[in-house]
Amino acid sequence: MEITTKSSTVNGIKWHWAEAGDGDPVILLHGIPESWKCWKHQIPKLATQFKVYAIDLKGYGLSDKKEGDFSMNNVASEILDLLDHLKISSFRLAGHDWGVAISDNIIDQAPERVESCLLYTSDAADEEDSVDLGGRRII
């Protein structure tokens with residue numbers, strides 16, 4: 001499975017990502033201090049069923065590192081702008097570490113766009129911490 005890297009500037013921010021496969025989109029968001037490469041072992045398997053986009057979050061990898069608002073809420077909004085630019089209206093979402101925080105904010109801002117979500121972090125969660133995503137529970 002070939003993984004290609006691409007970049008594009010959206011609203012003044014240069015984004016870099018890796019992509020592979022065909023099918024419904026899966027968005028992968030890495031942790032700190034990583035890049036899209038933390039997903040290099042998962043991408044080939046996922047790409048057998050999905051179009052995978054592993055994004056370098058703002059400030060990491062080859063995405064922009066210039067001054068700006070790095071709050072979780074703002075970065076989530078900027079990721080949604082990137083997905084709009086890529087014409088991705090709905091998607092599956094996976095986040096690790098910092099990517100979990102961004103994913104949480106994406107779900108808050110656009111729950112209708114997130115078909116399913118996997119959040120991976122070392123924090124313990126219980127039913128009280130779960131999120132209702134249109135009848136689907138995320139813990």
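Me: Which residue in E4 does Pro 25 stand opposite?
Reply: This is a predicted model, where local features need pLDDT of at least 70, side-chain atom pairs count only at pLDDT 80 or more, and totals for chains, interfaces and linings use all residues. Residues are numbered from 1 along each chain as its sequence is written, and side-chain values use heavy atoms, with hydrogens and water left out. Strands (E, at least two residues) and helices (H or I, at least four) are DSSP runs, numbered from the N terminus. In E4, the residue opposite Pro 25 is Lys 51.

Me: In which sense do E3 and E4 pair?
Reply: Strands pair if DSSP finds at least two bridges between them. E3 spans residues 25-29. Over five bridges, E3 and E4 pair in the sense called parallel.

Me: Which residue in E4 is the bridge partner of Glu 19?
Reply: Strand E2 covers residues 13-20 and runs antiparallel to E4, joined by five bridges. The E4 partner of Glu 19 is Tyr 53.

Me: How many of the residues of E4 are buried?
Reply: Buried means under 20% relative accessible area (1.4 Å probe, protein chains only). One side of E4 holds Lys 51, Tyr 53 and Ile 55, the other Val 52, Ala 54 and Asp 56, and both faces are covered. The buried count for E4 is six of six.

Technical notes. Buried means under 20% relative accessible area, exposed over 50%, partly exposed in between (1.4 Å probe, protein chains only).
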